[in-house]
Amino acid sequence: METTYSNNKFSKVPPQDGFRVAYILHLADNSLILGQRNAEWCGHGPVLEQDIAITNISLDLIGQARSFYQYAAQLINQHSPSPGGGRGEASEDSLAYLRTEREFKNCLLAEQPNGDWAQTMLRQFLYSTYQYYLYRFLQTNSDTTIAGIAEKSLKEVSYHLRWSSEWVIRLGDGTEESHKRMLRAVDELWSYTGELFIPAPYEKELSIDTAFLKDDWAKKVNTVFDEAALTVPSNVFMQEGGKTGTHTEHLGYILSDLQYLQRAYPGCDW
Amino acid sequence: MKTSAIDKKTLYAYLEEIKDPEVPVLSIIDLGIVRDIRMNDDDELEITITSTYTGCPAMDMITASIRTELATLGFKKIKVIQVHSPAWTTDWMSAGGKRKLQEYGIAPPDKRFSTPKDGVECPLCHSSNTRLVSEFGSTACKAWYQCNDCKEPFDYFKCH
């Protein structure tokens, strides 16, 4: 199948818009991949209420991803309209289902395995904190579509942040067992947080310098960790690469699951 | 049908017939998701809507219902636009909508409970002796409660 949407095929998109498309895909991929991860809990949550909660968050994230993919597709098609129409045109579906692992620009944190409930809660908390400050900043972006999606999503993200903070506190400051599991989750995930604050080339080009979000993020994480009787690790080697397409081994497995149907039966609809 | 011959009030009355598929007592007007109605040149009717939550699966169905309803009434050119900004808020829900929600058994949004906590009034027995079961419920827009007096579980439409 033709991979019309790979980076090098953006050749007809003027450089500035090329960076913009890359950035929008980065935002979309973050939400889609974390949404897909959370959805893996569907039917497996520790109790029914929390099963519903995590899949509701998944739904919000996938909704955000759809809005960003629709916008990216619109920009791509503006510059390289496909005369044949149909499959040749970019769409929210083609961007989610037909790009390869290297074309995905989500941060590494989003693709990390669910592990136990502690690990899923900590991943959500670390990401929601980042997403909260990022979207608050993006609300005033000069690109009004990006700003609109950020403004809209921020309400949902605030809810996710409050809920996941409560879980980190409950488990961190809970029983000996839950505390032990939370320590393990911190150990497992912390090295994937550094990348969030290192701007990728497309972020630099668009003057979205995520480094400045780090202080707010760290302050919030410190406050919650304090209450959760957890210690913020120091001197940890930080992994990076997800934002530019170099992923951990986990993304391939996520995509093989997520994209299976469209890869096996191209254009399948029901 | 000549759209120019019809006033907005009539058009709003038509849209009042379209219900939220997840909460069938509420129309899309009650919900406040219809942001604008415009009659463009060439008899095109343009309806601007906004989603409650970004992932709300009802949006595609609502868009289709708007098209069907208006086509049935004889409108030939119908354009439905979805906007993100300004972000939807439960403040846009009509007073009638809130009353209908309560009668249906869903506690309407209440500013005192913008962060869900115990005490939302039970829509069935009206007791405030209720407890929050989960901040998330059967759809993105609801939280889950139980009444300590009549013991019935119920949904609360979250402030958003």
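I first looked up the contact range in chain B, where two residues are in contact if their C-beta atoms, placed from the backbone, lie within 7 Å. Of the contacts in chain B with a separation of 6 or more, 51% are between residues 24 or more positions apart. The model is a predicted one: local features need pLDDT of at least 70, side-chain atom pairs count only at pLDDT 80 or more, and totals for chains, interfaces and linings use all residues. Residues are numbered from 1 along each chain as its sequence is written, with chains lettered from A and ligands numbered from 1 in the order in which they are written.

I then read the elements of chain B: four helices and seven strands, where helices (H or I, at least four residues) and strands (E, at least two) are DSSP runs numbered from the N terminus. Their order from the N terminus is α-α-β-β-α-β-α-β-β-β-β.

I noted the extent of chain B: its C-alpha atoms fill a box of roughly 60 × 25 × 20 Å along the principal axes.

I turned to the contact between the chains, to which chain A gives 19 residues and chain B 15 residues. On the side of chain A that touches chain B, helix H2 (48–79) and helix H6 (144–172) each supply at least two residues. H2(A) gives the most, with 10 residues.

I checked confidence last, as pLDDT (the predictor's confidence in each residue, from 0 to 100). Chain A averages 92, and 91% of its residues score at least 70. Residues 1–11 of chain A have a pLDDT below 50, with 17 contacts in the model beyond near neighbours in sequence.
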